[in-house]
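Subject: Handover of a structure, with notes

Dear colleague,

I am passing the structure below on to you, together with my notes on what was found in it. Please read the notes with the structure open beside them.

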Amino acid sequence: MTYKDNTSGSNEDRDPRRQRVGQVKEITSLTNPIIKDIRALTQKKNRDRSSSFMAEGLKLVIDALDLGWQIRTLIYAKAAKGNQTVDQVAARTVAKGGLVLEVSEKVLGAITRRDNPQMVCGIFEQRYSALDDLIPKTGETYIALDRVRDPGNLGTIIRTADAVGASGVLLVGETTDPFSLETIRATMGSIFALPVTRAAPAAFLNWCSRHKVHLVGTHLAGAVDYRTIDYTGSSTVILMGNEQAGLPDELAQGCSELALIPQAGRADSLNLAVATAIMLFEARRHLLEVAE
């Protein structure tokens, strides 16, 4: 599939709906090999092998393109045909060397595993930031997650980190896949706005030590009220433990301070995403302003 940028032609030639003619592959069968490959992305081994993932919704696709993520395939339902914004996204996809597919709603539902799927989705290249490329600066806040298991929690945490203006998400140890369909849905597009990094515990602690970050871990033993900690100094990393096991000794001992979120009532713990949100908003409170 080729794309010709008619920047020197008439306004009519520059109309993305005209550029798209002959460049869209129409698919109605679930047995089509391209559709089979896309559906296979529901499995982590296939996402890893192809280094790709799916994002649903026109807004997410546009956000990803605007932030420089590489799109491989744009898929839209026949009902979206002729939509000016979809046509413009299709033209951008072709310009970046991507494939554009027009599919039936049955096919789109099978791809997204939804009865009422959104009309547009995109297949993008995965992107991890290298740990050594992250250079914490004064005033920055990072969130680090030890062996996070639940994709919904991870996605919500990435969205929250974006909302508070955090500078990155560090996944420590074996974690759930940040590019799974469930995680991407829960991020609501924030996956495209923040660097996501993977690191072994020892490498993570070495990075914290090398950059002299203020590492605050949540822990039940030997911890202080999270509201009494000073987050206004150097760069801060909030370290949250595994949902069931909490922080292992290796990580807890590497923290500058250990924080506790006081509770009342019968519940003996908080959901990880909720606890992380509490910590992040407190750590960023002195930097957050209410818009006039």
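Tyrosine 142 and tryptophan 207 are both buried, where buried stands for under 20% relative accessible area, exposed for over 50% and partly exposed for what lies in between (1.4 Å probe, protein chains only). Their rings have centres 5.8 Å apart and planes at 80°, so the pair is edge-to-face. Rings of Phe, Tyr and Trp (its six-membered ring) are paired here if their centres lie within 6.5 Å, with planes under 30 degrees apart called stacked, over 60 edge-to-face and the rest tilted. Because tyrosine 142 belongs to strand β6 and tryptophan 207 to helix α9, the pair ties together parts that are 65 residues apart in sequence. Helices (H or I, at least four residues) and strands (E, at least two) are DSSP runs, numbered from the N terminus.

Before going further, please bear in mind that this is a predicted model, in which local features need pLDDT of at least 70 and side-chain atom pairs count only at pLDDT 80 or more, while totals for chains, interfaces and linings use all residues. Residues are numbered from 1 along each chain as its sequence is written, and side-chain values use heavy atoms, with hydrogens and water left out.

Helix α9

Helix α9, residues 201-211, has Phe204, Leu205, Trp207 and Cys208 as buried residues. Seen down the helix axis, the buried residues of α9 fall within an arc of 155°, so they line one face of the helix; the arc is that of the directions from the helix axis to the C-beta atoms. On the face turned away from this buried side, α9 carries the exposed residues Ala202 and Ser209. The buried residues of α9 pack against β6, β7 (168-172), β8 (196-199), β9 (214-218), β11 (236-240) and α10 (249-253), contact being defined as heavy atoms within 4.5 Å. Just after α9, lysine 212 takes a positive phi of about 55°.

Cysteines

The structure holds zero disulfides, a disulfide being a pair of cysteine sulfur atoms within 2.5 Å. For cysteine 208, the closest cysteine sulfur is that of cysteine 255, which at 8.1 Å is too far for a bond. Cysteine 208 has a relative accessible area of 6%, and cysteine 121, at 1% relative accessibility, likewise counts as buried.

Aromatic residues

The structure holds nine aromatic pairs. In one of them, the rings of phenylalanine 124 and phenylalanine 192 have their centres 5.6 Å apart and their planes at 55°, so the pair is tilted. This pair links distant parts of the chain, with phenylalanine 124 in strand β5 and phenylalanine 192 in the loop between α8 and β8, 68 residues apart. Phenylalanine 124 is buried at a relative accessible area of 0%, and phenylalanine 192 counts as buried at 4%. One aromatic cluster is formed by Phe53, Trp69, Phe124, Tyr128, Phe179 and Phe192.

Glutamine 126

Glutamine 126 lies in the loop between β5 (120-125) and β6 (141-146) and is buried, with a relative accessible area of 14%. Its side chain reaches the backbone oxygen of serine 52 at 3.2 Å. Leaving aside residues up to four places away in sequence, glutamine 126 touches Arg47, Asp48, Ser51, Ser52, Phe53, Trp69 and Phe179.

Salt bridges

The count comes to 13 salt bridges, each a side-chain nitrogen of Lys or Arg within 4 Å of a carboxyl oxygen of Asp or Glu. In one of them arginine 185 meets glutamate 56, the closest N and O atoms being 2.4 Å apart. That pair links distant parts of the chain, since arginine 185 lies in helix α8 (residues 181-187) and glutamate 56 in strand β2 (residues 52-56), 129 residues apart. Arginine 185 is partly exposed at 25%, whereas glutamate 56 counts as buried at 6% relative accessibility.

Arginine 113 forms a salt bridge with glutamate 182, with the closest N and O atoms 3.0 Å apart. Here too the pair links distant parts of the chain, arginine 113 being in the loop between α6 (105-112) and β5 and glutamate 182 in helix α8, 69 residues apart. Aspartate 225 and arginine 227 meet through their side chains in a salt bridge (2.7 Å, N to O). Salt bridges that share partners join Glu56, Arg114 and Arg185 into one network.

With kind regards

How values were computed: A polar contact is a pair of N or O atoms within 3.5 Å; within protein, one must be able to donate a hydrogen and the other to accept it, and residues adjacent in sequence count only if both atoms are side-chain atoms.
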